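Here is a short report on one structure. It covers a covalent link and the residues packed around it.

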Amino acid sequence: QVQLVESGGGLVQAGGSLRLSCAASGRYFSSYRMGWFRQAPGKEREFVASITWSSGRTDYADFVKGRFTVSGDNAKKMVNLQMDSLKPEDTAVYYCAARVNSPYSYDYWGQGTQVTVAS
């Protein structure tokens, strides 16, 4: 059974930093890509960043480019999101996701971790 567990959320002042981590469990877990999404109150879930294991390619939403960095270790089944220069509008629940059964869609999701940025 595959599970994704996020950690590292919390409250931070604007301009500060947080580091989120996501650990995948499951004896035969293997993914094409892992990513981060977020959902703010009253808004749709949106893509933040991802890493593709085969190429090492990373992708970012425009609103986090230059501020967030995604990294990970496929062998350790972990992906991280370093968030710097945080803004109040970054406040959201952040979710880890993985493309396991298909390279084209995210089919496993974590439970989410709250990030709150105070102004």
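## The disulfide

A disulfide here is a pair of cysteine sulfur atoms within 2.5 Å. The model is predicted. A search of the whole structure turns up one such link. Cys 22 and Cys 96 form it, with sulfur atoms 2.1 Å apart. The pair ties together distant parts of the chain: Cys 22 lies in strand β3 (residues 18-25), Cys 96 in strand β9 (residues 92-99), and 74 residues separate them. The angle about the S-S bond is -75°, and the link is left-handed.

Are the two cysteines buried or exposed? Cys 22 has a relative accessible area of 0%, so Cys 22 is buried. Cys 96 is buried too, also with a relative accessible area of 0%.

## The nonpolar core

The largest nonpolar core holds 29 residues. Met 34, Trp 36, Leu 81, Met 83 and Tyr 94 have the most contacts inside it. Elements giving two or more residues to this core are β3, β4 (33-39), β5 (46-52), β7 (68-73), β8 (78-83), β9 and β11 (113-118).

## Met 34 and Ser 50

What does Met 34 touch, leaving aside its neighbours within four places in sequence? Both Cys 22 and Cys 96 are among its contacts. Others include Leu 4, Phe 29, Ile 51, Trp 53, Val 79 and Tyr 106. Ser 50 is also in contact with Met 34.

Ser 50 sits in strand β5. Its relative accessibility is 1%, so Ser 50 counts as buried. Beyond four places in sequence, Ser 50 is in contact with residues including Arg 33, Gly 35, Arg 57, Asp 59, Val 70 and Tyr 106.

Key
Residues are numbered from 1 along each chain as its sequence is written. This is a predicted model: local features need pLDDT of at least 70, side-chain atom pairs count only at pLDDT 80 or more; totals for chains, interfaces and linings use all residues. Side-chain values use heavy atoms; hydrogens and water are left out. Helices (H or I, at least four residues) and strands (E, at least two) are DSSP runs, numbered from the N terminus. Buried means under 20% relative accessible area, exposed over 50%, partly exposed in between (1.4 Å probe, protein chains only). A nonpolar core is a set of buried Ala, Val, Leu, Ile, Met, Phe, Trp, Tyr and Cys residues joined through side-chain atoms within 4.5 Å. Contact means heavy atoms within 4.5 Å.
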